[in-house]
Amino acid sequence: MYQLQDSVLSIKGIGKNLQATLENFNIQQVLDFLLFLPLRYEDRSDIRTIEAIKNLDLDQDKTNFLTTKAKVIKWNEYRKGRLLISRATIADTTDQIACLWFNNKFLKNKISIGQEYFFSGRIKDGTLMQATVEKTDGENIHTGRLVPIYSQLADLKQGNIRRLLAEVLGKLHQSGEAEQIFHNLHFPRDPQQVIAARERLALEEMVFLMQKSASYKKQHQEKKAIFSLKTIPQNQIENLPFTLTKAQEKAVAEIMHDLSQKFPMNRLLVGDVGSGKTIVAALPAKAIVQAGQNVCLIVPTKILAKQHFSNLSSIFKEIEFELVDAENKLQTKNKEKGIFYIGTHALLKQLKTIKPSLVIYDEQQRFGVKHRQLEEHLCQTKRQAHLLNMTATPIPRSLMLSIFSHLDLSHLDQMPNARKIAHTWLVPEQKRENALEWLVKELQAEDPKKSRKKQALIVCPFINPSSYQATENVAAVEDIASNLKKDLQKIYQKLNFPAKTELKIGLLHSQLEKKQQAKIIKQVYQQEIQLLISTPMVEVGVDLPNADIIIIESAERFGLSSLHQLRGRVGRQGQESYCLLFNSKGLNQAQANQERLQKFCQEKDGLKLAELDLNNRGAGDLLGYQQSGFANLKFASWTNLKIIEQAKKTLSENQSYVSFLQSYLEKDSISQGINSATN
Ligand code: ADP
Ligand code: MG
């Protein structure tokens, strides 16, 4: 019998080595392992007769997994050099078919002649290739049903992951409910069971977050600010290169007000990419610096730090700035004057030395991801720095307030005029070549005004949304790049391009060494690379101010919020920009979900898109494509109002509700994020 809190070492089939490997994936307890959820499910429940398989229109069904239930009538195995070849003939009442396997040394012990099995595989030249074989008695886990497919977990094979999970689920000693939920998540009868079980996890998470937030609010009320403004300065905005939007003005006023209070600010500034959060944070920061205090602005990338540093120091000439990152170490300066420090996470190590009165933390869209060093710094003493978090996560206001009662909220719901959202088109497959030709011409043309050429970004499919680093994502980039190069060659020939004017292409993904990544980004900056092919990592980490065009491959796999973040990567300097959506090649109409993407082309509002995302979620997503989360919530979604209502109700009925996920949620970063915001 297993308990949720047991170490994974207690699971039959997991030894010390595997335990150590799982540790790297943050899987320590049985509960963690059960929460290693399938990436998607493959429908292998459709069991066909051999006759039906042979009659298939193979052109159409070639890529599909086929399952049949048949008896083995012939079996042999032989070596050809290093290759072990196994062959079988299997038969049912309708017909017979050949099976072929390579290097499967376990098959011999599994298969007996005359016995019936499920066989699942793909058909090639009339033969069933590399089929999985499973007995027809007992609960089958690999075939004849909805089969869970997991992301890469160390070097475990899919079959092994399933077998280990089935072992745990078979002997889970738990109140019936949790057991059933986990069973439905891994081995569901139908997609509805997955949806219900996922919603249940989401509910647990929401309740947990609300409980946390309430307890932090209580602690927060007992803290004092290190420094408060005596008066709120007026006429601050006279020297700005633009006029603030009404939304910006309001947010600045809210922050200024907080800074004049005796207790520390704990505010979240929410605004879409390009809504102008930086200046909203910088104006109050300037007031603090002018009052002789230090401010730290912490941003996710070195490039952003440099950008903010040069922009803000040219706008606010009257105060002193300092850039701190891995290369620019902290300098000791005149302590009499306040300094506006701007930097990457390197700045976190210096908080003790700098002693800022205001910390501004820019999390991009990954709301809730905060750094332990910041948390530690903030909870040191009874006196605390004011904290302003900035995020582009589209979180509806009412919703934020009801979940995070301990945070104050400013919302930029208005875009500055200068910033245009990229013109967006969904490109049908037959127009793909035309689109690429257009791209080539655009990138070749000199922009007369800026004396530079345009730049484009191609983002590859999100094969494995659980991790930007997943090997699947990297494989997709390399695949797309090599296909694209072929396509481009055709276009060059057609347009009669001399070889030296061909586009310079760069490849970027997270498995490249950091140095190599930095080199590529630099080349993009210096316009040496015109076309950058990348994993969705650009969604989070990379800022490319010059990019004009973005092409998103396999767009049907992305949530609308993610697509919106991605198209926010181009036109950063207010130039006209374009976003082209390509579907995966050979996708059928239903899978492509054209309507959803069509709506995306029309809709420019990030919040509305987040809501559309919610409405579009359903069985289809679970059987193939996943939402890519924009925040690091584990299970819930910021836009799922139903779950949030349920969570409130659960709490009102039982204040001291204890979730069966508690030990898991406690170590999750979002709750640590909340923690830091108030401690
Ligand atoms: P984000 O909210 O994504 O952090 P930024 O603060 O980087 O957005 O602002 C995006 C761009 O818009 C910057 O170039 C900034 O100078 C500009 N900007 C900000 N506010 C305004 C405004 N009120 N009018 C015109 N341009 C603005
Ligand atoms: Mg920003």
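Ser410 touches Ala251, Glu254, Arg267, Leu268, Leu269 and Val270, leaving aside residues up to four places away in sequence; a contact here is heavy atoms within 4.5 Å. This is a predicted model, in which local features need pLDDT of at least 70 and side-chain atom pairs count only at pLDDT 80 or more, while totals for chains, interfaces and linings use all residues. Residues are numbered from 1 along each chain as its sequence is written, chains are lettered from A and ligands numbered from 1 in the order in which they are written, and side-chain values use heavy atoms, with hydrogens and water left out.

Ser410 sits in strand E17, residues 408–412. Helices (H or I, at least four residues) and strands (E, at least two) are DSSP runs, numbered from the N terminus. With a relative accessible area of 1%, Ser410 counts as buried; the label buried means under 20%, exposed over 50%, and partly exposed in between, using a 1.4 Å probe and protein chains only. Its side chain also makes a polar contact, at 2.9 Å, with the side chain of Arg267. A polar contact is a pair of N or O atoms within 3.5 Å; within protein, one must be able to donate a hydrogen and the other to accept it, and residues adjacent in sequence count only if both atoms are side-chain atoms.

Next comes the ligand. Around ligand 1 there are 13 residues, of which Thr243, Gln248, Gly274, Lys277 and Thr278 come nearest; to be near, a residue needs a heavy atom within 4 Å. Sorted by class, this shell has 4 nonpolar, 7 polar and 2 charged residues. Ala, Val, Leu, Ile, Met, Phe, Trp, Tyr, Cys and Pro count as nonpolar, Asp, Glu, Lys and Arg as charged, and the others, Gly among them, as polar. A nitrogen atom of ligand 1 lies 2.8 Å from a polar backbone atom of Thr243. On the oxygen side, one ligand 1 oxygen atom is 3.1 Å from a polar backbone atom of Gly276, and an oxygen atom is 3.4 Å from a polar backbone atom of Ser275. Taken alone, ligand 1 exposes 570 Å², and the protein buries 76% of that; accessible areas come from the Shrake-Rupley method with a 1.4 Å probe, and for residues only the protein chains shown count as cover.

Zooming out, the chain comes to 25 helices and 25 strands. Of its 679 residues, 53% are buried. The chain exposes about 31,300 Å², with carbon and sulfur atoms supplying 49% of it. Among contacts with a separation of 6 or more, 73% link residues 24 or more positions apart.

The largest nonpolar core has 56 residues, and Ile11, Phe33, Leu34, Phe182, Phe635 and Leu661 have the most contacts inside it. Helix H8 (residues 191–220) gives the largest share of this core, 9 residues. Such a core is a set of buried Ala, Val, Leu, Ile, Met, Phe, Trp, Tyr and Cys residues joined through side-chain atoms within 4.5 Å. Phe635 touches residues including Leu35, Leu201, Leu661 and Leu665. A second, separate core of 39 residues includes Val252, Ala281, Ala282 and Leu412.

Asn26, between helix H1 (16–24) and helix H2 (30–34), has a positive phi near 65 degrees without being a glycine, and is partly exposed at 43% relative accessible area. Lys355, in the loop between helix H12 (351–354) and strand E14 (358–362), has a positive phi of about 50 degrees and is exposed at 61%.
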